[in-house]
Amino acid sequence: MPIRTRFTIWRPFATAATAALMAGLLSPATAQAAPSATAQAAPSATAPTADRTSRPVHSYENAVREAVWVDTGLDGDGDGRTDRVAVDIVRPREAARQGRKVPVIMDASPYYACCGRGNESQKKTYDAAGNVVQMPLFYDNYFVPRGYAVVGVDLAGTNRSDGCVDVGGRSDIQSAKAVVDWLNGRATAYTTRTGTTRAKATWTNGRTGMIGKSYDGTIANGVAATGVEGLETIVPIGAISSWYDYYFAKGAPLFDSGPDGLAYRVESPEARARCSAVQQRIVDGAPRTGDWTPLWTERDYVRHADRVEASVFVVHGMQDLNVRAKHFGQWWDALAKNGVDRKIWLSQVGHVDPFDFRRATWVETLHRWFDHELLGYDNGIDDEPMADIERAPDQWVTSSVWPPRGTGTATLRPAEGALDGVGTLGLRPGTGTETFTDHPEHDETDWASRIDQPTPDKAGFTTAPLTRDLRLSGSSRVTVTATPSTTSAQLSAVLVDIGPATIRDYAAAGEGITTLTDRTCWGASTSGDSACFQETAAKTAEVDYTIVSRGWADLGNHASAAGAPLTPGTPYTITLDLAATDHIVPAGHRLALIVAGTDKDLIEPPSTTPTLTLDLSRTSARVPFVGGATAFARATAGTATATPETAPLDGVREPRPAHPVP
C-alpha cells in the first residue's frame, strides 16, 4: 500500500496529535536541552515547524522505565507453560500524563546480555526494581524526548525471557510479533515473569517500527514477513533474509559450524540447561551437507515478501562478508515485486552500522523516516531519492530509484586468450576450455592480484580498458559448465574492477572504520545511560583492484537443492548467485570475471582437491548494467588490448576467517 495512501487515512490524527504536542510543550525553564553542539545530531531537531519534525520536548531523565513479560503463546522449552519474553520500555512521562498515545521503536535482539549491541558492545543494565537503566544504542536517548517509546525485546531463551532460541525460526519471530500484537491490544502481558497481574499498553497507539543490525534486523525482516498489523516500518541493517543463505551458498558451506552454535552462544545459561531438545532439532534440521530442509524453509523470509505491509528502509555494506550482500539483494527484489515502499543505503563498509560510518546524516535521516512512517509527518522524505550509495570513502551519491531506470542485463562471455587461464570477456560467445585446480589455501585476493598471469588455481577473463564509465547495479549470476576430476568440487565466481582506487578497507579489523577516542552526543543522557558515543573515521586502502561481487556453489548441487557426489569426467552446469552491488568501473579500468575453486575463509573446501575444466561455450555471466548490453558494448568498443601486469596487483588484505555470528 503506498505511503501516501496509508497516511491519508490517519493524517487528521497526526494533525490533532501535533496540536496536542504543541499545547503540552514544556516551558523554556524546564524543557529538556537539545543535543550538544558537538553532536550536530539532527539540524531538524530545532526546526520551527513541529508539524514537519518531532522535537525534543520531553524529559529523558524522568521517562517511564518499566518491564513487562509478553506471552508468546508457545511452549518452546516444553515446561508446560507458555513462554513469556521480557520487554523493557522507555517512554515519555509527559505524554502519558496528558493522555497522548505514542508510537514505538522496537529493537528485538538476542544480544542484550550475552554479547552487547553497537560498536561499544553495550548491554542492558537494570536498577534494583528490575527496570532498565541502560538501553543500548542511541535510540532511546534520541527518540524518547521526541515523543516515541523505545522498546527492547529479549528474544525467547535470552537474557530475562523464557523459551529457547531457534535461530530465526518460529520462536524467534513470535518473540517480537507477540510484542507488536500486545502493543495493539491483541496479546497478553504480565508485570512479572511468573505472576498473574496483567499489563496493558494503554500508552501507545500501536504504530510500531522495528530496527536493528544483523540478527536484530533479521528479526525485523521475519516479523514483517508475517504481515502483522501495526508494524508500520522496519529498518533492517546488515540483515539476513534467508537463513540458509547465511550458512550455505548452493550447498557450499560458508562457515565451519551451523545455527546450533549460534543458538548456544546467545542463549542464557538457564536456557541452555532446558533447551537441549530444541538444540538437537536444529542440529538435525541443518545438516552440514548443505541440503535444503524444512528448517530452512521456515527461516526463508523472502518467500513471504508478498505478506509485507510495512515500509522497508534497507541498509547494507556491499563488502559485508558476514551477512553477505546477497541477502539484501534478494529481499529488495522480492519487496519490489510486491510493491512494498522501500528506501536503501549501500555503503562500502563490511558489517557496520550506519551510526558508525555516516553518523550525522544517519541520525537525521532515521529521525525523518520515523517521523514520516510513525507520526505521519508530511516531511517529504517519501519524495526524495530512493537510494544513497557510497562511491568512495565518505563520498555519497543518490539514485531516484534502485536499481536505476534503464538497468538491463548483459550476458558476458569468457573466451580463451594468448595465455592459459588468462582470457577475454565480451559479448561474443567463446570457445575452447580453461582448466584450474582447487587450491584451498588461496582466495579471491590471490586470484585478482595475478589476473594477467597464468596460475594453476584460477581462470581469469578481462575486458580491454573501458573507454567510458560502466555502472553495475543489482545482482549478477554466473553460469558455469565444469568437468571435475574428483567426486566433489566447490566453485567461486568473482567480478573485479581492475584499476587504481581508494576504497574503505573492509578487510581490516573495523571493516572500513576506525574507532576514535572523541565522543559526540546524540540525545539526552542520564547517569546510567549516556547518549555520547565514540566517533569513527573511514579506514581506507589504496588498491590496484576492487572486488565488486562474489558468489559460490557446491557443484554437487547442480541438479537440486540436495547435493550428490560427482562423477569424475562428467560435465555439470550450475548457476552461482553473486551478491548485489552498485559499482562504477571507471573509464581506463577493466572488468574481470574470475572462476576458481575454494575461496579461502569465505567458503569451506570440498572433501577432495579437484581439477576442473571449464567449457567456455557454456559459461557466461549475466550482469546488470545501467544501459544494459548497449552500455557495455559502447564502453568496450574500439579499445586497445591491455598491457598485462607482470607484478602482483595490490588489494586489501585477504578475507579474515569469518565467525558465524550475525
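Colleague: Is Ser214 buried or exposed?

Modeller: Start with the cut-offs: buried means under 20% relative accessible area, exposed over 50%, partly exposed in between (1.4 Å probe, protein chains only). Ser214 has a relative accessibility of 3%, so Ser214 counts as buried. This is a predicted model, where local features need pLDDT of at least 70, side-chain atom pairs count only at pLDDT 80 or more, and totals for chains, interfaces and linings use all residues. Residues are numbered from 1 along each chain as its sequence is written, and side-chain values use heavy atoms, leaving out hydrogens and water.

Colleague: Where does Ser214 lie?

Modeller: Helices (H or I, at least four residues) and strands (E, at least two) are DSSP runs, numbered from the N terminus. Ser214 is in the loop between strand E9 (204-213) and helix H5 (215-224).

Colleague: What should I look for in phi?

Modeller: Most residues other than glycine have a negative phi. Ser214 is not a glycine, yet its phi is positive, about 65°. Ser121 also is not a glycine, and its phi is about 50°. Ser121 sits in the loop between strand E3 (102-109) and strand E4 (125-126). Its relative accessibility is 42%, so Ser121 counts as partly exposed.

Colleague: Which residues does a cis peptide bond join?

Modeller: Most peptide bonds are trans. Here a cis bond joins Trp402 and Pro403, with omega about -10°. Pro403 lies in the loop between strand E16 (395-399) and strand E17 (407-419).

Colleague: Which residues does Ala310 touch?

Modeller: Contact means heavy atoms within 4.5 Å. Not counting residues up to four places away in sequence, Ala310 touches Leu231, Glu232, Thr233, Ile234 and Val340. Ala310 is buried, at 2% relative accessible area.
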